[in-house]
Protein chains: 2
Amino acid sequence: MSNIALPVASFSPLYQQIKSMILASLQASEWLPGEAIPSEIELATRYAVSQGTVRKAIDELAAENLLVRRQGKGTFVATHQEDDWQYRFLRLEPDSGEKIHLKNQFLSCKSIDASDFVARLLKLKQGESVLQIDRIQTFAGKPVVFEEIWLPESRFAGLNLEALNIWPGPMYAFYESQYATHMVRAEEKIKAIAADSILGSHLHVAQGAPLLSVERVAFTYGNKPVEIRYARYDTIDQHYVNKLN
Amino acid sequence: MSNIALPVASFSPLYQQIKSMILASLQASEWLPGEAIPSEIELATRYAVSQGTVRKAIDELAAENLLVRRQGKGTFVATHQEDDWQYRFLRLEPDSGEKIHLKNQFLSCKSIDASDFVARLLKLKQGESVLQIDRIQTFAGKPVVFEEIWLPESRFAGLNLEALNIWPGPMYAFYESQYATHMVRAEEKIKAIAADSILGSHLHVAQGAPLLSVERVAFTYGNKPVEIRYARYDTIDQHYVNKLN
DNA sequence: GAGTGGTCTAGACCACATC
DNA sequence: ATGTGGTCTAGACCACTCG
């Protein structure tokens, strides 16, 4: 007879369990974006482990950009409302190297039935209603981005064009403050495409001009997809940057 | 009078200094890619610090993908010659989701004077000689990538077309085994461009067809740039993927 | 000065790979 | 059985922030 057995519940270190518990608190909005979480010592007593174990759990969450450590002050829940996080997911920059500052111009915001494509990516049931937002972003007066955005209406109920136009900052800060939805990470698929007449008129380029197609799915806590963006960039004077490690 | 002074040599923790020393050993090829470095205990006695301090230094180097930890075996210098690292920097994948496997076809390899563009990015003196390599990569029989590569000839002396054609694996494994040059990280700038007649004939697309332009600078230890790639991808059936955290 | 995160140590013990 | 990395602890002390 063989003694070999598949590990049923493979070894899980203490700090991983602590990490899960902190994650659960974040997901349950026990601590909100921008707020401080309890001190390491406090968490250590709460979970009945040593400070070092809590430290290791927090270290990993900080490495994943869910928490932010600030020496002497505390550990804070990451937020898109801080200045340096405003453009955390924006990879477009001018060829000149200067910092880009995009100006928003919302075109429409309407409720529709989710297409197959959108339903699949947002993990919605066929035909559930979603909000579709169209916008153009300009830089130095020139249109650079045309974007279609889809959001599950259940989570973003009541969102409308006026609210978007009033909001001064980036959208992820808007989601956070108005809909208690913090974006944790995103995945993008990039292609080169040719402008059709509609894109051409929005971005002021000729039909057939090459554009960068950027398809993004953004996730909140628990790997839950809650936003899709289908963007087209005019990359005549700017480019998409990426660092490979 | 004010007591305020700018910190001249701001506080540097011990583990950072250990990290620098390990880094120096890597750069000096004291341990080669794929080899094990000394055990934590051994390094602790060598540097006269505790094991925990060495651990923290190694942890950071592992997070930066310079070292790879393997429980029970040791800590190893990262290498592009391992199976799972072969395509560490390749972000192209078929729309179908299957794993891509590109086939190389080297067109030329010649020594030229560095252009301004290349000299600037490789930090070479004006007019120093570089190798230019042209290649096409095919997937499922179709040409997908056309790429121009520039290398400083001083570091890659003797590299020629025949050697490239004989080599079976990826180029970064080739650099490592033949020219003692390990790539640590890379930066890419991406645009959408229109195919000209030359690109069109290489990639079997019409003139004016949209292509993805990917400009890469790759770095070895010490942030030294040692390779430039100017690639154009046909993204009809594949896309560039990126994860944002 | 008090509170927070950051560093460093020493030691015990666990999980994994290898002989 | 031995050696390696991985976890966990307890305690001391340092660096930073703020009132």
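This is a predicted model: local features need pLDDT of at least 70, side-chain atom pairs count only at pLDDT 80 or more; totals for chains, interfaces and linings use all residues.
View 1. The structure holds one cavity of 30 Å³ or more. A cavity is a set of points, on a 1 Å grid over the protein atoms alone, where a 1.4 Å probe fits but cannot get out; lining residues have an atom within 4 Å of a point. Grid points are joined across faces, edges and corners, and a volume is the space filled by probe spheres set on the points. A:N104, A:F106, A:L164, A:W167, A:G169, A:P170, A:M171 and A:F174 line the largest cavity. At least two lining residues each come from strand 4 (103–113) and helix 6 (171–179) of chain A. Helices (H or I, at least four residues) and strands (E, at least two) are DSSP runs, numbered from the N terminus.

**View 2. The largest pocket holds about 1,800 Å³ of space.** Of its 48 lining residues, A:A63, A:N245, B:E60, B:A62 and B:A63 are the closest to the centre. A pocket is an open set of points with protein on both sides within 12 Å along at least five of seven lines. Helix 3 (residues 51–63) of chain B gives the most to this lining, with seven residues.

**View 3. B:H182 sits in the loop between helix 6 (171–179) and strand 7 (185–194) of chain B.** Residues are numbered from 1 along each chain as its sequence is written, chains are lettered from A and ligands numbered from 1 in the order in which they are written, and side-chain values use heavy atoms, with hydrogens and water left out. B:H182 is buried, at a relative accessible area of 2%; buried means under 20% (1.4 Å probe, protein chains only). Its contacts (heavy atoms within 4.5 Å) include B:P33, B:H80, B:F219 and B:Y221, not counting residues up to four places away in sequence.

**View 4. Strand 7 (residues 185–194) of chain A pairs in the antiparallel sense with strand 8 (residues 210–220) of chain A.** This pairing runs over ten bridges, and A:K189 stands opposite A:E215. Strands pair if DSSP finds at least two bridges between them. Strand 7 of chain A also pairs in the antiparallel sense with strand 10 (residues 238–244) of chain B, over five bridges. There, A:A186 stands opposite B:L244.

Definitions and conventions: Buried means under 20% relative accessible area, exposed over 50%, partly exposed in between (1.4 Å probe, protein chains only).
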